[in-house]
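Trainee: I would like a close look at one part of this model, the ligand site, in a single connected account. Please begin with the term I need for reading the distances, and then go on to a few places elsewhere in the chain.

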Amino acid sequence: MNDSPDSTPLIVEDVWKTFSRGASPVEALKGINLEVKNGEFIAIMGASGSGKSTLLHAIAGLTRVDSGRILISGQDISELSDSRLTKFRRKHLGIVFQSFNLIPTLSAEDNIRLPASLGEHHEDQVDALLERLGIQDRRNHMPGAMSGGEQQRVAIARALSCQPDLLLADEPTGSLDSVTGQEICKLLRGLCDEEQRTILLVTHEPNVAMWADRVVVLRDGTNLSEFETPDRHDPLEVAQQYQSLLTVGSC
Ligand SMILES: Nc1ncnc2c1ncn2[C@@H]1O[C@H](COP(=O)(O)OP(=O)(O)O)[C@@H](O)[C@H]1O
Ligand SMILES: [Mg+2]
């Protein structure tokens, strides 16, 4: 595996972001640093309002930061114009949201085809994604006729359709019941283990974070610290590590 900075899917260096809308400015990100290597599955944990979504949106190029650098496969995304950033995002990043964000008037397979503009001659690729995500029998269903878990599988297939360098997921299980949420987590873990996909997920739930290789803890827009997750079936262990970091961080 090539470990040069250009092949590192994500490097975040000293990123700051203040929202100035409203009466008082909100400092959402205060000097964040993060690196995600090829094939890693990283979870960012933090309470509501700690800056998780802002960070993920900044990495996705959906929010511009005030200072610092975000390098995706060696490209500093702040150097790109809006139109080049949109093209860059489509080529290099896959994004999965809590609310699925599927187009309600398109079937599962057409939703999957859309971002990568997969035409008739990409039938094999669409078939492979439907099969990998276990939704072959849902290919002609509209989102409204699918369960939440099925919709999220379609959203993950869509995010993978452009073969992204990095898969980003913002609370991907947040709209699902816990059993379905765990199935989605297992699926993401499998994508990492079996296909060496690189995944960055944000969550506030220990039983989601436990599936990652490493958990980065965010509080009030700064990274407190991080820990590894050797046992992928012990949410209590993750909850304890998380709480102990928050306690130490507040001293
Ligand atoms: N578009 C926005 N305008 C103003 N404040 C925002 C905006 N987006 C997020 N914030 C604020 O930034 C902080 C971090 O929010 P967010 O990143 O959504 O946290 P999390 O995802 O961890 O719950 C919060 O105080 C939130 O209210
Ligand atoms: Mg959020």
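Mentor: A polar contact is a pair of N or O atoms within 3.5 Å. The model is predicted, and the distances below are computed from it. In Thr54, a polar side-chain atom is placed 2.5 Å from an oxygen atom of ligand 1, and that value falls within the 3.5 Å cut-off. The backbone also takes part: a polar backbone atom of Gly49 lies 2.7 Å from an oxygen atom of ligand 1, and for a polar backbone atom of Gly51 the distance to an oxygen atom of the ligand is 3.1 Å. Considered alone, ligand 1 would expose 560 Å², of which the protein buries 66%. The space that ligand 1 takes up is the second largest pocket.

From S2 the chain can be followed to Glu40, in the loop between S2 and strand S3 (41-45). Is Glu40 buried or exposed? Glu40 counts as buried because its relative accessible area is 19%, and the limit for buried is under 20%. The side chain of Glu40 also makes a polar contact, at 3.2 Å, with the side chain of Arg214.

Another loop, between strand S6 (93-96) and helix H3 (108-113), holds Phe100. Asn101 lies in that loop between S6 and H3 as well. Phe100 has a phi near 70°, which is positive in a residue other than glycine. For Asn101, again a residue other than glycine, phi is also positive, near 55°. How do the two stand in accessibility? Phe100 is buried, with a relative accessible area of 9%, whereas Asn101 is partly exposed at 41%.

Two helix residues complete the account. Arg132 belongs to helix H4, residues 123-132, and counts as partly exposed because its relative accessibility is 27%. Its C-alpha atom is 9.5 Å from that of Arg153, which is 21 residues away along the chain. Ile184 sits in helix H6, residues 178-195, and is classed as buried because its relative accessibility is 0%. Between the C-alpha atoms of Ile184 and Pro206, 22 residues apart along the chain, the separation is 15 Å.

Notes
Residues numbered from 1 in each chain as written. Chains lettered and ligands numbered in written order. Predicted model: local features only at pLDDT ≥ 70, side-chain atom pairs only at ≥ 80, totals over all residues. Heavy atoms only, no water. Polar contact = N/O pair within 3.5 Å; in protein donor to acceptor, adjacent residues only side chain to side chain. Areas by Shrake-Rupley, 256 points an atom, 1.4 Å probe, with all protein chains shown as cover. 1 Å grid on protein atoms, 1.4 Å probe; cavity = no way out; pocket = protein on both sides within 12 Å on 5 of 7 lines; lining within 4 Å. Sits in = over half its atoms within 2 Å of the grid points. Helix = DSSP H or I, 4+ residues; strand = E, 2+ residues; numbered from the N terminus. Buried < 20%, exposed > 50% of the residue type's maximum accessible area, 1.4 Å probe, protein only.
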